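Subject: A structure for you, and what turned up in it

Hi,

Here is the structure I promised to pass on. Have a look at it first, then read my notes below.

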Amino acid sequence: MNATLATLVLIAVWLGLGVVTGVALHRRGHPPATSVTAVLAWPVLVPLLGGVPSGGPFAERIAGAFTALRAALADPAAAGVVQVDELVALESALRRADARIAMVDRLLAEESLGDDPLSSQLTRARSHAADEVEAVLRGVVQLRVQVGLVALAGDTLPVRDRMRELGARVSALEELSLA
């Protein structure tokens, strides 16, 4: 085996491991940019595959809701109904909210916070944020149903209105977390 062939094999193995790592990171709910970065920098990102879970209490439901919505949108009858960047932004915002809820859950699990008067305020804020995530997830299911109606009736206005509504709810959720 000459040096050029060996180099090509090593590059192929490196990229292959990067792709495998990127897919695993994507399936665990990491942002698309992290998954793409893994193709070249996979040794740095491998630790993200273990340790503290990247998803929160809603991670599986978020993944399921958006997988089902993407499947509905992949149908030719639903082509162009929802912009891909809007969908990615909505899912990313929900995943960030889920991660914040998970962090709060870890804080509330600490025994030292039990008597702190602010812990009850944190519990109420967590409950409110969780309710908002639930509402957005219900809205994603409704959006999927509306995509089906577009296939029959052809009117995309309700779908666009629903996307705007969901975007506004998620924006409010992010503003709530900044307050």
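A quick definition to begin with: a salt bridge here is a side-chain nitrogen of Lys or Arg within 4 Å of a carboxyl oxygen of Asp or Glu. Please keep in mind that this is a predicted model, where local features need pLDDT of at least 70 and side-chain atom pairs count only at pLDDT 80 or more, while totals for chains, interfaces and linings use all residues. Residues are numbered from 1 along each chain as its sequence is written, and side-chain values use heavy atoms, with hydrogens and water left out.

**Salt bridges**

Searching the whole structure gives 7 salt bridges. One of them joins the side chains of Glu 165 and Arg 162, at 3.4 Å from N to O. Both residues sit in helix α6 (residues 157–178), 3 residues apart, or about one turn of the helix. (Helices are DSSP runs of H or I with at least four residues, numbered from the N terminus.) Glu 165 is partly exposed, with a relative accessible area of 36%, whereas Arg 162 counts as buried at 16%. For these words, buried means under 20% relative accessible area, exposed means over 50%, and partly exposed is in between, using a 1.4 Å probe and protein chains only.

Another salt bridge brings together the side chains of Glu 91 and Arg 70, at 2.5 Å from N to O. This pair links distant parts of the chain, with Glu 91 in helix α4 and Arg 70 in helix α3 (residues 59–74), 21 residues apart. Glu 91 is buried, with a relative accessible area of 10%, and Arg 70 is partly exposed at 35%. Leaving aside residues up to four places away in sequence, Glu 91 touches Ile 62, Phe 66 and Arg 70; contact means heavy atoms within 4.5 Å.

Then there is Asp 105 with Arg 126, whose closest N and O atoms are 2.6 Å apart. Asp 105 counts as partly exposed at 26% relative accessibility, and Arg 126 counts as partly exposed at 23%.

**How the helices pack**

Two packed helices are described by the angle between their axes and the distance between the axes. The axes are lines fitted to C-alpha atoms, for helices over the stretch in contact, and angles run from 0 to 180 degrees between N-to-C directions.

Take α3 and α4, which pack at an angle of about 170 degrees with their axes 10 Å apart. They are therefore roughly antiparallel to each other (angles over 145 degrees count as roughly antiparallel, under 35 as roughly parallel, 65 to 115 as roughly perpendicular and the rest as oblique). Among the contact residues are Ile 62, Phe 66 and Arg 70 of α3, and Leu 90, Glu 91 and Leu 94 of α4. By class, this contact of α3 with α4 has 10 nonpolar, no polar and 4 charged residues. Here Ala, Val, Leu, Ile, Met, Phe, Trp, Tyr, Cys and Pro count as nonpolar, Asp, Glu, Lys and Arg as charged, and the others, Gly among them, as polar.

Next come helix α4 (residues 84–109) and helix α5 (residues 117–153), whose axes come within 10 Å and cross at roughly 150 degrees. That makes α4 roughly antiparallel to α5. The residues that meet include Leu 94, Ala 97, Ile 101 and Asp 105 in α4, and Arg 126, Ala 130 and Val 133 in α5. This contact of α4 with α5 divides into 14 nonpolar, 2 polar and 2 charged residues.

Not counting residues up to four places away in sequence, Val 133 touches Phe 58, Leu 94, Ala 97, Ile 101 and Leu 173.

Finally, the axes of helix α1 (residues 3–27) and helix α2 (residues 32–45) come within 7 Å and cross at roughly 115 degrees. Among the residues making this contact are Trp 14, Gly 18 and Leu 25 of α1, and Ala 38, Trp 42 and Pro 43 of α2. The contact of α1 with α2 has 11 nonpolar, 6 polar and no charged residues.

Cheers

Methods
Helices (H or I, at least four residues) and strands (E, at least two) are DSSP runs, numbered from the N terminus.
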